[in-house]
Amino acid sequence: MQRRVLPSLLAIAGVLAVLLPVAAGAAAPAERADLVRIMNDIRSNNWIEAETLAAAQPNRLVAKLVTFYRLLAPDSGTPAEIARFAAANPDWPFQWILRAR
């Protein structure tokens, strides 16, 4: 089940992360390029690069999304880290996946 959900999440997040700031006129061309790179890194499980680029974004939600997707990915994150994230973000989707991990 998890392998079917993650690609859908990535697709939705990619669209939202790139299109919402663009639609609002809030993202400069360089920022848009970084958002595209971050989503490509997430799709490739290149977490270090995605987290590094996300940390430089003015919108802190970008870094939180990278962490969320990393923790949803198989063999990523420690049980303690996953539990902390789930406890700090109880209204985020796919809590059942985080609990299972």
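These legends describe close-up views of a predicted model.

**View 1. Confidence across the predicted model.** The protein averages a pLDDT of 82, and 73% of the residues score at least 70. Among the elements, helix H1 (residues 2–23) has the lowest mean pLDDT, 56. Helix H3 (residues 47–55) has the highest, 96. Where pLDDT is low, the predicted coordinates should not be read in detail.

**View 2. Helix H4 and its N-terminal cap.** H4 covers residues 60–72. Its 13 residues should span 18 Å at 1.5 Å a residue; the end C-alpha atoms are 19 Å apart, which agrees. Asn 59 caps the N-terminal end. A side-chain oxygen of Asn 59 lies 2.9 Å from the backbone nitrogen of Leu 61. Buried residues of H4 include Val 62, Val 66, Phe 68 and Leu 72.

View 3. Asp 34 and Arg 37 pair through their side chains, 2.1 Å from N to O. Both residues lie in H2 (residues 29–43), three residues apart, about one turn of the helix. Asp 34 is buried at 18% relative accessible area. Arg 37 is partly exposed at 42%.

View 4. Glu 51 forms a salt bridge with Arg 70, with the closest N and O atoms 2.7 Å apart. This pair links helix H3 to helix H4 across 19 residues. Glu 81 also meets Arg 70 in a salt bridge, at 2.3 Å from N to O. That pair links helix H5 (residues 79–88) to H4, 11 residues apart. Shared partners join Glu 51, Arg 70 and Glu 81 into one network. Arg 70 is buried, at 11% relative accessible area. Glu 51 is partly exposed at 30%, and Glu 81 is partly exposed at 22%.

Terms used: Residues numbered from 1 in each chain as written. Predicted model: local features only at pLDDT ≥ 70, side-chain atom pairs only at ≥ 80, totals over all residues. Heavy atoms only, no water. Helix = DSSP H or I, 4+ residues; strand = E, 2+ residues; numbered from the N terminus. Expected span 1.5 Å × (residues − 1). Buried < 20%, exposed > 50% of the residue type's maximum accessible area, 1.4 Å probe, protein only. Polar contact = N/O pair within 3.5 Å; in protein donor to acceptor, adjacent residues only side chain to side chain. pLDDT = per-residue confidence, 0-100. Salt bridge = Lys/Arg side-chain N within 4 Å of Asp/Glu carboxyl O.
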